[in-house]
Amino acid sequence: MIYTAAEIKQADASALRQGMPGDVLMERAASAVSARLTFRPHSSVLVICGAGNNGGDGWVVARELAQRACDVFVYAPFGEPKSPEGGRHAAYARRFVTVVEEPRDADHVVDALFGVGFHGPVTEKARDVITWMRDQSAPVVAIDVPSGVPSDETSGFDGHAVEAETTFSLHGYKRSAFLTETAPYYGTVEVVEIGLPHTSEWRVLTASDFDRGLLERDAFGNKNRYGHGCLIGGSRHLIGAPFLAARAALRTGIGLLDLAIPPEAHVMASSLPEAMYYSLDALPNKTYAATAIGPGLVDDERSDRLWQTVSRQSKPLIVDAGALTTGHLEATGPLTLTPHPGEFARLTGRSVAEIEADRFRIASDFARQHGIHLILKGTHTLIVKPDGTGAVNTVQAAALSKGGSGDVLTGMLLALWARTDRIDTESSPNEQAVLWHALSAQAASRQMHPASVLATDVIEAIGCI
């Protein structure tokens, strides 16, 4: 699960109201972290503790490491924690550790300077302490978030933060672990459960969340069971995009596919004989299980006419690329938009920098405002539902940083939304398509270097994961 700083504070406050003492909550969190640390006995450890609850966690970790025969030093540049429970833990830990007035070299450094409540930029003495940690050759382990990294969004972040080798994130992930500007500071992230109930509206998707049942076919099924979809796209200078999307839909298992393209693209029709072809100016009067519009399309009068036709259908509609405009945000059936940050900037009227600094909130607000499904693409793609809740894909695939990848995803989305045998909820097609897309790129990358993987290679790997 993924939490904002406010949600973490609410969870702590709820535990206190329900009778859990603050000392116990702090002890539980820090003990769970120290249990993950595999420092050798008699190795030297410097724990840098701030004056907040994160610092209190650090004092508990220091004490427990000392009790495991590590040579532990504590540097507290702002004194002992201000909270009563933090102060009590610090007082007790002093019996087992050596408190130093200046940071000193050690085999390991534990960063407990700032937690989720930090708001930057870092100034004065804290900046010097973080500079010292950044300059060390010893690996740094961060408790909850690397000090100097904001928890929720990155506006105002100047890059001066601890560069952790590992971050032990308490109770759940923090949003900044998935933002381009701050994710590298976390190193490897390990979530540490601290015994509190989970209430987050955001989930993390891993490879294990992919439904491999989607690869199966019913021995007694037929093409109609796997959906009849329509894909609309292409223009004079972008004739390949709809074919990438269409081929991806077929590889993903769609039963029947109609492909509506401009006359200029007809020269490529023989490359995909499995599809049925129509003109953009003469869409067939059919009811489809799902429709996708946009790959290779340009925003012009023809695009608006096409939108008037497809948006009236009550079936799922996927919108990508050239069809992503502010005039295409309402449809009769379930609507999924698939922008990259540049396209989303045009839809929202914000800059790409603004969006990348606060992806979760902006994407969530936009999906809720328009009642749509939103897939905001990126290293950590966000899959948002109409109620503003969502999931983050953590299956990374560098090979997808290439033209045509978005067209492939659109085709896969079309195929999964069109299937009537598997879809249980409106959100599952989007989550499964994003996962399958990334896993296919990973599979292609095992055959060649990611830099050499083409969108067509990803398509051919769809059935090979």
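Me: Is Arg359 buried or exposed?

Reply: Buried. This is a predicted model, and in it Arg359 has a relative accessibility of 2%. The cut-off for buried is under 20% relative accessible area, so Arg359 counts as buried.

Me: Which residue does Arg359 meet in a salt bridge?

Reply: Glu356. The N to O distance between the two side chains is 2.7 Å.

Me: Why would two such side chains pair up?

Reply: Opposite charges can pair when the charged atoms come close.

Me: How many salt bridges are there by this rule?

Reply: The count is 21. One of the others joins Arg63 and Glu64, at 3.5 Å from N to O.

Me: Are Glu64 and Arg63 buried or exposed?

Reply: Both Glu64 and Arg63 are buried.

Me: Where do Asp320 and Lys377 lie?

Reply: Asp320 is in the loop between strand E15 (317-319) and strand E16 (335-337), while Lys377 is in the loop between strand E17 (373-376) and strand E18 (382-384). The pair therefore ties together parts that are 57 residues apart in sequence.

Me: And the burial of Asp320 and Lys377, what is it?

Reply: Asp320 is buried at 2% relative accessibility. Lys377 is buried too, with a relative accessible area of 15%.

Me: Which residues are linked in a network of salt bridges?

Reply: Asp281, Glu301, Arg302 and Arg305 form such a network.

Me: Switching to helices. At what angle do H7 and H12 cross?

Reply: Roughly 40°, with the axes coming within 7 Å. H7 covers residues 241-252 and H12 covers residues 405-418. The two helices are therefore oblique to each other.

Me: Is that crossing of H7 and H12 left-handed or right-handed?

Reply: The crossing is right-handed.

Me: Which residues of H7 and H12 meet?

Reply: From H7, they are Ala241, Leu244, Ala245, Ala248, Ala249 and Thr252. From H12, they are Asp407, Val408, Gly411, Met412, Leu414, Ala415 and Leu416. By class, the contact has 10 nonpolar, two polar and one charged residues.

Me: Last topic: where is Ser176?

Reply: Ser176 sits in the loop between strand E8 (173-174) and helix H6 (183-186). Its relative accessible area is 0%, so Ser176 is buried.

Me: What does Ser176 touch?

Reply: Leaving out residues up to four places away in sequence, Ser176 touches Val149, Pro150, Ser151, Asp152, Thr182, Ala183 and Tyr186.

Conventions: Residues numbered from 1 in each chain as written. Predicted model: local features only at pLDDT ≥ 70, side-chain atom pairs only at ≥ 80, totals over all residues. Heavy atoms only, no water. Salt bridge = Lys/Arg side-chain N within 4 Å of Asp/Glu carboxyl O. Buried < 20%, exposed > 50% of the residue type's maximum accessible area, 1.4 Å probe, protein only. Helix = DSSP H or I, 4+ residues; strand = E, 2+ residues; numbered from the N terminus. Axes fitted to C-alpha atoms, helices over the stretch in contact; angles between N-to-C directions. Parallel < 35°, antiparallel > 145°, perpendicular 65-115°, else oblique. Left-handed = near helix turned anticlockwise from the far one by under 90°. Contact = heavy atoms within 4.5 Å. Nonpolar A, V, L, I, M, F, W, Y, C, P; charged D, E, K, R; others polar.
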